[in-house]
Amino acid sequence: MPNNKAVSGVSRRKLLKSAAMIAGAAAIPEVIYAPAILAAEPITLRYLSTATNQAPAIAEQAFKDTGIKIEYVTVTTDDVTKRIVTQPDSFDLVDTEYFSLRNLVPSGNLKGMDAKKVKLFDKITTVITKGEVNGKKIGDQGTSPHKVLYLEGEHSKKFAKSPTEWLTLIPTTYNADTLGIRPDLIGRPITSWAELVNPQFKGKASIINIPSIGIMDAAMVTEALGIHKYGDKGNMTKAEIDLTIANLIKYKKAGQFRALWTDFNQSVNLMASGETEIQSMWSPAVTAVRLKGIPCVFQPLKEGARGWASGFALPRTLTGKKLDAAYEFVNWFLSGWAGAYLNRQGYYSAVLETAKTHMEPYEWAYWMEGKAATQDIHGPDGGLLEKKGTVRDGGSYETRMAAVACWNSIMDENEYMVKKWNEFVAA
Amino acid sequence: MGTAAHRSIWWLASPLAAVLLLFFAVPLVLIGVVSFWSYTGYSITPAFELRNYAGIFDGCRVGGAGPCVVLSTYLSTLFFCVVVWAITLVLGFCIAYFLVFEVRSSRMRIGLGILCTIPFWTSNVIRMISWIPLLGRNGMVNLALMQLHLINHPLEWLLYSRFAVAVAMVHINTVFMIVPLINSMARISPSLIEAARDAGASWWQTLRNIIIPLCRGGIAIGSIFVITVVMGDYITVGLMGGEQIASVGKTIQTQIDALQFPIAAASAVLLLAFVMLMILALIRIVDIREEL
Amino acid sequence: MSGEKTLRGKIEFAAVTKSYGRVVAVDTISLKLPAATYCCLLGPSGCGKTSTLRMLAGHEDVSSGDILLDDVNVTDLAPAQRGTAMMFQNYALFPHLSVAENIAFSLKMQGIGRAERREAAEPLLQMVELAAMADRLPAQLSGGQQQRVALARALMTRPAALLLDEPLSALDPFLRLRVRGELKRLQKSLGISFVHVTHTQDEALALADIVVLMNDGRIEQQGTAHDVFSHPRTAFVARFIGGHNVIAQGDSEVAVRADKVTLSRAGTGTMAQHAATIRDIEYGGMAYHVRLSDAHGRDYSCILQEGAFAQLGPIDGETLAMSWAESDAQPLEPAAN
């Protein structure tokens, strides 16, 4: 495999004639040969991630506090993975999901992050580091972040079984996804994933059309229906995949789904327009629907939620001043301001203590403790999010994260699963 | 002298040839090459194996239960191809005829021609989203029909259906038919139509015997545009079909997103071959060179 | 061809006007042509001759007035119902149809089958000597051959009047003369009327039984070629038809043919005369062509036979007396507008 890798790496890059790649390649000599020039100028870090993980306000604050310029490179979830695998020189810092690591780490394009250089590493939430919340174990199916947090060495392509100095990702945000519903149209409590395929919502339901995530939601449904108990929803056997897809196809043919969605905006439009009343949904999408003045709830379910987490990684080629700057930025990111910003968006931040110091007590109570808002709740941009007296859907941090039943993942049988998912779409 | 002139002509063509070679032929060849490579989730390895092609046709056995995925996907895409082609042809022909033969003032003609490009004034995604308020469950069409008491319940099939996909595809692609047809029709000398009338041809006979035959090239070029776009269009199928309708492009996209480049390349080669065959068939019917 | 003995193509324009919005292209023209007439509509471009032809063909609506063909009012009839057939300036052959199919197109429109059409086209193919090329496409023919196809196609409908729009303009001079002769012969043998639009006066003089000279939407003069040439009614006619000098005499003008003007140094007592200076002398084979201009800058021309020229021996720049017999001076009407 190491012999093959060099060859295929080059060829893969040839395939992609992206200008970004050329730009990325050109930037390397700059780092290596011209440190003197760089020292005179503020260091710029190209920050690759999805739009949801990027906020101009964070970049602004970071520049104020550290003098490091953040240049966002915005792509979709799948493209983050593709970039890391095919164009590892086109960014200096990447914010990607833990479940992708299965494909990213063996590529050798990322380097381990040194725990010793991450000042607040010990304060990082146990949800990520141990798979626990307040000492209680949470769902471990799929790619639970703690399983892929450590590497055997800085340039290792293998995950370590026990904690080491070398980390795959330093967490940025994480949360738990369930179903979003339109309470005004449904008018009764929704407590189970099985409701997604309830004939009552025939033609009014939707499921996410990103195979690796959609199959998990489908598995939650299948399990809730009592059809099958999975060994690991995040790593199904071929038979389990067949069963799950067959179940999905059955409901699809019966006309259960109004549509499937891939894109954040699609999910918002489906819900906001009333085309769907119940669907798999991401938390910021729920917020987006509510900002349109349309009631939409992120529904806690008895079977639990599907967790996801993302974090920072560094490309293998990053060295010198840029490498130092990257660590400096990561440390700043964990130091509270950014965490508070993320918490106010409805995500959870990696180091809770520091974020708390940057939030008002009533904010902390509403967002993290599941208490009724004692004042109006404003978003990070100052816009009114919730009226005084509202309680956050899904409850407190502990309740929400403890409800995680499985984590986003990439299965051993991913290739087979993708093929079967295409069958579902084509059915 | 003759050979020197010949040589200089080749020289003149060489920059374009180089550009085509670099940005068209080379990537195409690479796609063909990669389609035989092997892969894991994070790497692709040069090889020569037919696994990717075999994977595409997985489950396609004679006497299998129902058509396999690739077959049903192609049938679905082909269905849109035929429907959209037929509608855009008729619609595009009528609009082009109107613009060329009925509109007298050239300013009016340009104005109306620009109107035909309205579908391109916004991005694809915004355009698609805009269909929701029109065709959706609570959309204008349903509300209007209900207020007229023509229906009691909203029509579900207006949106996220084959109907919706076809409507959106016709909306985008008609202009691809209009432009080459206008080009063909504008070349028809008005005296040909007068000559036909002089020989006793009715409007319909003139259309059938003169205008349509002389538009064959335009029809062929427009058809090539529409067929290639529709065969590769997974965005419209996805957004208007509620992502519940298979399309070849979407399959390829899913494979690329799953980092399965070689199988995606194999799918792309298959699609390319399929579209090329369709175009070859068209060219056999009509010699398009006379139009270029 | 049962009607061959009867002459056809009696044409009448009764106060026909064509206007495009405010622009009047043809202004109340009236014209009567007997059957089997070769008529040339002559005039400068924009004079209304083409509009007149197209109104007769039915390709242009008549704004007011009536057009009669063989005593039938055809003003509101469709082109194919009138008994006219048009031969277009660019021939307007259908590029996708063979020569035979082009010729038999009108039969196809009547629903006549392919074999029958082919049979019907045969005599016409023979007439225009294109039988060997029946299956070729128009693009594979020469310009002259294309014209013959157009002619055959037009004759296929057995028209009473064949309308030709500048039929000779695209041909080279040699072919032009030949086709000119063929057209005239054809018209005589068919016994129908030809209405031929041209801006070339020698074409009109050579071909026409009746020349209709148009100017500015009106008929300036009509008559036999001889009439029009020897008795131009106005200065415009005299100038356009050529070969005439328009000479001012007091308030009025006269036209004198160039070959009726003599030049002398002393003047000829009994004749009218006018002083002019030689600008140019051209040898034309049969005669010398001398161009002169007078003190007012008006131009004249004079054709001197070889003998007369040798006798006079004129030199460039020399001022001479132009003189002519009073009987050769054609008095001109003042311009109408």
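Predicted model: local features only at pLDDT ≥ 70, side-chain atom pairs only at ≥ 80, totals over all residues.
The C-alpha centres of domain 1 of chain A and domain 2 of chain A lie 28 Å apart, and the bounds of both domains come from an automatic or database domain assignment. In that division domain 1 takes residues 4-176 + 307-359, while domain 2 takes 179-303 + 396-426. Residues are numbered from 1 along each chain as its sequence is written, and chains are lettered from A and ligands numbered from 1 in the order in which they are written.

To stay with the two domains, their contact takes 23 residues from domain 1 of chain A and 20 residues from domain 2 of chain A, where two residues are in contact if their C-beta atoms, placed from the backbone, lie within 7 Å. On the side of domain 1 of chain A that touches domain 2 of chain A, at least two residues each are supplied by α6 (101-104), β8 (141-142), β11 (170-177) and β17 (305-315) of chain A; helices (H or I, at least four residues) and strands (E, at least two) are DSSP runs, numbered from the N terminus. That side of domain 1 of chain A divides into 7 nonpolar, 13 polar and 3 charged residues, with Ala, Val, Leu, Ile, Met, Phe, Trp, Tyr, Cys and Pro counted as nonpolar, Asp, Glu, Lys and Arg as charged, and the others, Gly among them, as polar.

Is R392(A) buried or exposed? R392(A) is buried, because 22 other C-beta atoms lie within 10 Å; the cut-offs, again with C-beta atoms placed from the backbone, are 20 or more other C-beta atoms within 10 Å for buried, 12 or fewer for exposed, and partly exposed in between. Leaving aside its neighbours within four places in sequence, R392(A) is in contact with Y366(A), W367(A) and G370(A), and its C-alpha lies 9.9 Å from that of A365(A), a residue 27 places away in sequence.

Chain A also holds an open sheet of 3 strands, in the order β5-β10-β9, with antiparallel pairing, and here two strands pair if DSSP finds at least two bridges between them. At its edges stand β5 (113-114) and β9 (150-151) of chain A, each with a single partner strand, so one side of each is left without a neighbour in the sheet. Between β5(A) and strand β10 (residues 166-167) of chain A there are 2 bridges, and D114(A) has W166(A) in β10(A) as its bridge partner.

Turning to the chains as a set, 2 pairs are in contact, and of these chains A and B share the most contacts. No contact joins chain A and chain C, whose closest C-alpha atoms lie 45 Å apart. Between chains A and B, 32 residues of chain B are in contact with 41 residues of chain A. The elements giving two or more residues to the chain B side are α1 (2-34), β2 (44-45), α3 (69-102) and α13 (248-257) of chain B, with α13(B) giving the most, 5 residues. By class, that side of chain B has 13 nonpolar, 13 polar and 6 charged residues.

Finally, chain C, where strand β8 (residues 193-198) is mostly covered, with 6 of its 6 residues buried. S193(C), V195(C) and V197(C) point one way from β8(C), and F194(C), H196(C) and T198(C) the other way. Strand β3 (residues 38-42) of chain C runs parallel to β8(C) and is joined to it by 5 bridges, L41(C) having V197(C) as its bridge partner. Strand β7 (residues 161-165) of chain C also pairs with β8(C) in the parallel sense, over 5 bridges, and there L164(C) stands opposite H196(C). From β7(C) the chain crosses through helix α6 (residues 173-190) of chain C to β8(C) in a right-handed β-α-β crossover, right-handed meaning that, with the strands pointing away from the viewer, the path from the first strand over the helix to the second runs clockwise. Helix α1 (residues 49-57) of chain C is likewise mostly covered, with 9 of its 9 residues buried, and G58(C), which follows α1(C), has a positive phi, near 90 degrees.
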